[in-house]
Amino acid sequence: MGESRVKKLFQERISKLHTFLTEQELNAVLITSPKHVYYLTGFFTDPHERFMGLVIPAEGKPSLIVPALDREAAAEASFVQDIHTHTDIQNPYEILKQVLPANLTKLGIEKSHMTVERYEALGQVVLASSYVDVEEPLREMRLIKSADEVERLKHAVQLVEESLRETLKKVKTGMTETEIVAELEFQMKRLGAEGPSFTSMVLAGEKSALPHGKPGTRQVQEGDLLLFDIGVAANGYVSDITRTFAVGEIRAQLQEIYETVLAANEAAIAEIRPGVTFAHLDKTARDVITAKGYGEYFMHRLGHGLGMDVHEYPSVHSQNQEVLRPGMVFTIEPGIYLPGVGGVRIEDDVLVTETGVEILTQFPKKLTSINE
């Protein structure tokens with residue numbers, strides 16, 4: 001992406017937030033979430049306990065406050081070039097006071113990210129009479145992905161799928177779940193990912209029936225289902241894919257739940273197009289599973305939004321009547337979980353297009369045995 005296009009992208013994002021600022025009659029907006037600072041400036045860091053903030057005033061140019069150790073990186077990466085720094089022995093809120101508009105009365109903040117400790121520290125230097133949450137306009141902006149964001153998501157998908165392919169070549173009976181996770185995460189790094197986008201999940205046999213199970217010392221055995229729920233982070237964006245495999249021959253009931261989940265996954269994806277509701281997608285998949293008698297064993301929503309975070313808006317569930325729009329990216333991940341027996345989940349990352357859907361995940365979904 002050319003430098004001028006990058007500059008234009010960040011200008012447009014800040015301009016949209018500025019529109020909200022004007023509508024709400026705010027004196028300024030203070031962004032403190034690292035991912036939103038990245039989204040609006042192009043600079044990302046994890047400041048840990050140190051303060052970092054992006055100030056967007058009603059009048060004038062935005063300013064970025066970062067820890068002193070991040071000055072060089074911020075100057076290189078950030079679209080915002082008015083950069084202020086603080087050392088570990090300075091009070092960053094005194095710097096913030098200098099950057100914020102004088103006589104400030106109404107400030108926009110991310111309420112879910114603002115801790116009580118930081119709110120109180122802010123109150124020591126800022127005499128605002130009211131605070132307005134800016135997360136709704138940020139959520140709306142993030143909901144529709146740009147072409148650049150889609151390319152980054154596709155890259156993250158390619159990396160996780162290649163990591164899975166390479167790992168499957170080395171899976172053998174007798175390996176533990178954690179040994180497979182170690183191989184997976186080695187492959188992720190080797191192929192160029194920053195690392196997993198969430199705790200990698202590899203569950204064997206009866207543990208595959210735990211939707212949020214934790215990999216451990218369970219060894220892979222003949223006749224198991226082996227479930228991988230994995231993703232990577234790369235260039236600020238993430239992927240999230242689930243595939244379930246057979247280890248040798250599996251019993252007929254496990255084959256049946258696999259085929260049922262696959263049918264539910266494909267039925268929901270076939271309904272994706274602008275104007276359809278998220279509730280309709282959830283119902284479509286759930287109806288397939290219920291018709292086979294497994295409705296009570298599909299106990300979670302159908303999917304979730306995907307972008308800079310693994311779980312972001314929207315939520316794909318039966319009560320969400322919001323309609324699909326081009327540029328939305330989310331997961332489709334029906335599952336059936338039989339306690340003490342085994343479970344199947346098949347998860348794809350999808351993009352709503354002007355006319356339908358583009359499936360970003362391309363890893364095969366046909367039931368495959370990995371130990372023949």
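A polar contact is a pair of N or O atoms within 3.5 Å; within protein, one must be able to donate a hydrogen and the other to accept it, and residues adjacent in sequence count only if both atoms are side-chain atoms.

## Basis of the model

This is a predicted model, in which local features need pLDDT of at least 70 and side-chain atom pairs count only at pLDDT 80 or more, while totals for chains, interfaces and linings use all residues. Residues are numbered from 1 along each chain as its sequence is written, and side-chain values use heavy atoms, with hydrogens and water left out.

## E183 in helix α8

Helix α8 spans residues 177-191 and contains E183; helices (H or I, at least four residues) and strands (E, at least two) are DSSP runs, numbered from the N terminus. The side chain of E183 makes a polar contact of 2.7 Å with the side chain of Q187.

E183 counts as buried because its relative accessibility is 18%, where buried means under 20% relative accessible area, exposed over 50%, and partly exposed in between (1.4 Å probe, protein chains only). Leaving aside residues up to four places away in sequence, E183 touches T167 and K170; contact means heavy atoms within 4.5 Å.

In helix α5 (residues 116-125), the buried residues are R118, L122 and V125. They fall within an arc of 65 degrees when seen down the axis of α5, so they line one face of the helix. The arc is that of the directions from the helix axis to the C-beta atoms. An α-helix has 3.6 residues a turn, so residues three or four places apart point the same way.

The buried residues of α5 pack against β1 (28-31), α4, β5 and β6 (130-133). V116, E117, E120 and Q124 are exposed on the other side of α5.

## Backbone exceptions

Most residues other than glycine have a negative phi, and most peptide bonds are trans. H48, which is not a glycine, has a positive phi near 55 degrees. This residue is found in the loop between α2 (34-41) and β2 (53-57), and H48 counts as exposed because its relative accessibility is 57%. N103 is not a glycine either, and its phi is positive at about 60 degrees. The loop between α4 (92-99) and β5 (106-109) holds N103, which is exposed with a relative accessible area of 72%.

Y313 and P314 are joined by a cis peptide bond, with omega about 10 degrees. P314 lies in strand β14, residues 312-316.
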